2 protein chains.
Amino acid sequence: MAQPAPGLSGENEVVREIERAFADQRSGSLLVGMGDDAALWRAGRGQEAILTCDWFLEGTHFLRDQHPPDAVGWKSLARAASDTAAMGGIPKCFLLSLALPANCTGDWLRGFLRGLRRASRTLGCQLAGGDTTRRNEILIHTTVIGEVGSGRAVLRYGARTGDLLYVSGTLGEAELGLRELRRQRGTGDASTNVFVRKHLYPEPRIALGHWLGKNRLATAMMDLSDGLSSDLPRLCSASRAGARITAASLPSVAQSAAKDAVELALNGGDDYELLFAVRPQNARKIGTKFRGLTLTRIGVITRGNKLLVEQDGRWRPLVAGGWDPFR
Amino acid sequence: MAQPAPGLSGENEVVREIERAFADQRSGSLLVGMGDDAALWRAGRGQEAILTCDWFLEGTHFLRDQHPPDAVGWKSLARAASDTAAMGGIPKCFLLSLALPANCTGDWLRGFLRGLRRASRTLGCQLAGGDTTRRNEILIHTTVIGEVGSGRAVLRYGARTGDLLYVSGTLGEAELGLRELRRQRGTGDASTNVFVRKHLYPEPRIALGHWLGKNRLATAMMDLSDGLSSDLPRLCSASRAGARITAASLPSVAQSAAKDAVELALNGGDDYELLFAVRPQNARKIGTKFRGLTLTRIGVITRGNKLLVEQDGRWRPLVAGGWDPFR
C-alpha cells in the first residue's frame with residue numbers, strides 16, 4: 001500500500017481505503033461488488049444461499065487497547081463465516097459495516113483491513129459491500145453469504161435419540177487465551193501463545209462442516225461460540241431432545257494449563273469448534289481425526305429434554321454458564 | 001401479543017420476542033428462517049441476488065427521545081430496502097441485528113418490532129435472522145437480500161452523454177420533516193405533518209425501480225439518501241460523466257413551506273427517492289407520473305466530469321452539501 005495519510009476525511013475516503021485493500025480480489029460468483037447501491041451475487045447451480053451476520057463491537061466483543069486491529073479484522077469475518085460452516089456450507093462473500101472514530105481511520109483502519117483481507121483470502125470469502133459511518137466507538141458488523149448444495153444443509157433440529165455427540169478441536173482454549181491476554185494487558189507478545197492465538201485468530205471449521213453435510217453424516221450441527229453449556233441446550237431444544245455428556249471425555253485444555261479445565265471446556269466461549277450429532281452406524285466414518293483436526297465423542301442424544309453431565313461417577317444437570325450479553 | 005413482562009432478561013428472550021412478532025410470516029423462498037446458525041434462501045429461477053446493508057444508530061441516525069420506536073423499526077428496514085429499488089430489484093428477506101440497553105427490551109422493543117413488522121409486510125420482505133446483544137445505546141443494522149432478473153439490474157455506471165436525468169417524488173421533504181421534528185422536540189403530533197411523516201416513514205420506490213429495470217428504461221440509477229448534491233456526483237463519477245441540472249426544475253417543497261426550497265432539494269437527505277438517467281428516445285415512455293408518483297426531468301448527463309447547476313440564468317458548480325458522517 002502507498003504511503004498513507006495519517007487520517008482520512010470524508011466517508012468516500014474511508015470507502016476508497018477499503019476498496020484499495022480488496023482491489024485485487026477475483027469476481028467469480030460476485031457479479032457486482034463495492035461501489036454501487038448494492039452488490040449482485042449469483043449462487044451456483046443447485047446451491048442454496050446461507051445468510052448469517054454477527055456484531056463485533058468495541059467494549060462488548062473486543063477492547064481497542066488489548067486486541068490488535070489485525071486480529072479484530074480477522075475475527076470479525078471468521079466468526080460470521082463459522083456460521084456457514086455450522087450449516088455445512090462454504091462462505092462466498094461478505095458485507096462489512098464499519099462505524100469508526102475519526103482517529104481510527106488511519107493506522108487502526110489499515111491494520112484492521114490487513115487482518116480482514118487475510119481472513120477473506122484464507123476463507124475464499126470476497127468483500128461485496130457494506131456501510132460506513134462515524135462513531136465514538138468502533139462498531140463492526142459482518143454479514144456472510146455462503147452456499148450449500150440443495151438439501152445438504154445441516155440444521156440444529158435433526159438430532160434423534162441415540163445419536164452420538166461430537167465436537168471438533170479442543171474446548172476452552174480461546175477462553176484461556178482471553179485470560180492470558182488480560183493478564184498481559186497488551187504488554188506480552190500475543191502471537192507466541194497458542195491460546196491467545198486461538199482467541200485472536202479463530203479458524204472456522206469450513207472443510208469439516210462441508211464434509212459432514214455433503215456426506216450426510218451429521219444429523220444436527222452448530223458452531224460453539226458461547227460455550228458448550230450454552231450452545232448444546234440450543235441444539236437439543238431445536239431437536240426436542242435431551243443429552244448426556246461425560247466430563248472426562250471433553251477435549252479440554254490440559255489440566256497443566258488450567259486447573260478448571262472441565263469448566264473451561266463447558267463454559268468457555270469463542271472456540272468456533274463444531275458440535276454435531278451422528279447416527280451410531282456412521283461413527284466409523286467419523287473416526288477421530290479430520291485432516292489433522294481432532295474429533296471427539298462427548299456424549300449421546302437422549303429422549304426427553306434433560307441435559308446431564310457425568311463427572312466422577314455423578315450425574316448433574318448441565319447449567320448454562322457461557323456468554324449471554326443480556327445476563 | 002400477550003401481556004408482556006416489563007423487561008426481558010437473557011438473549012434467548014429477546015430473540016423469542018422477535019420471533020413472536022414475525023411468527024406468522026409465510027416462508028416462500030426463505031427455506032430456513034430464524035432459530036438456526038444461519039438462514040437458507042433460494043433465489044427464483046433466472047434471478048440474481050441483491051445484497052445490501054445499512055447502519056441505523058441512536059445518536060447518529062435517530063434520537064431515542066424524538067423518534068418513535070415504531071418509526072425506528074419502519075425506517076431501519078425501509079432504508080436498506082431502498083437500495084434494492086435503486087438496483088431495479090425487489091426486496092425478499094432481511095437480517096436484523098440489534099444491540100439494546102436492558103431498559104429497551106420492553107416497550108421500546110415492542111414498538112420497534114411493530115414498525116418493523118409493518119415495513120416487512122408492506123415491502124414483502126421477510127425476517128430471516130440476525131444477531132442480538134446488549135449495549136448502552138441502541139444500535140441497529142439491517143441487511144436486505146433482494147432479487148433482480150438476470151441482466152436487468154440497473155447500476156450507477158451506465159449513464160451516457162445526452163441521457164436525461166430524472167428524480168421521483170419531491171426532494172427536501174424529509175429534511176424539512178426533521179427540522180419540524182426538532183422544533184416540536186417530541187411534543188407535537190408527528191403523524192399529522194406530511195414532512196415529518198416522510199422523515200419517519202420513507203417509502204422506498206420499489207415498484208418504480210423494478211419497472212425501470214425490467215423494461216431497460218434507466219441507463220443508471222441510485223437512491224437519494226444523502227442528498228442530490230452528494231449523490232449525483234457518485235452516479236456521474238461511476239459513469240465517468242458530468243451533469244447539468246437546473247434549479248427551477250427541481251421538484252422541491254413549495255417555497256411557502258421553506259424559503260430555502262432549492263437548497264433543501266439539493267442538500268436535504270433521507271428522501272429515498274430514485275435518481276435515474278434515461279436515453280432521450282425513451283423520455284416519452286417515462287412520462288411525468290408512475291402510478292401516481294411524480295417523475296421530474298431535472299437535467300442532462302454531459303461529457304467530462306463537471307457538475308453544474310443553473311439558477312437564475314447563471315451556472316455554478318454543484319457543491320456536495322449533503323450528509324457525510326466523516327465531515
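**Entry 1**

I started just after H6 of chain A, where Arg216(A) takes a positive phi of about 50°. A reminder to myself: this is a predicted model. Then I stepped back into the helix itself, residues 206-214 of chain A. Which residues of H6(A) are buried? I noted Ile206(A), Leu208(A), Gly209(A), His210(A), Leu212(A) and Gly213(A).

**Entry 2: Tyr272 in chain A**

Next I looked up Tyr272(A), which has a positive phi of about 55° although it is not a glycine. I found Tyr272(A) in the loop between helix H8 (261-267) and strand E10 (273-278) of chain A. Is Tyr272(A) buried or exposed? I wrote down "buried", because 24 other C-beta atoms lie within 10 Å of Tyr272(A) and 20 or more are enough for that label.

**Entry 3: Tyr272 in chain B**

I turned to chain B and checked Tyr272(B), a residue other than glycine with a positive phi near 55°. Tyr272(B) sits in the loop between helix H8 (261-267) and strand E10 (273-278) of chain B. I counted Tyr272(B) as buried too, because it has 24 C-beta neighbours inside 10 Å.

**Entry 4: where A meets B**

How many residues of chain A are in contact with chain B? I got 54 from chain A, against 53 residues of chain B. Strand E3 (residues 47-57) of chain A gives the largest share of chain A's side, nine residues. I sorted that side of chain A into 28 nonpolar, 12 polar and 14 charged residues.

Last, I followed E3(A) across to chain B: three bridges join it to strand E2 (residues 39-41) of chain B, and the two run antiparallel. For Ala49(A), I noted Trp41(B) as the bridge partner in E2(B).

Key. Residues numbered from 1 in each chain as written. Chains lettered and ligands numbered in written order. Predicted model: local features only at pLDDT ≥ 70, side-chain atom pairs only at ≥ 80, totals over all residues. Contact = placed C-beta atoms within 7 Å. Helix = DSSP H or I, 4+ residues; strand = E, 2+ residues; numbered from the N terminus. Nonpolar A, V, L, I, M, F, W, Y, C, P; charged D, E, K, R; others polar. Pairing = 2+ DSSP bridges. Buried ≥ 20, exposed ≤ 12 C-beta atoms within 10 Å, placed from the backbone.
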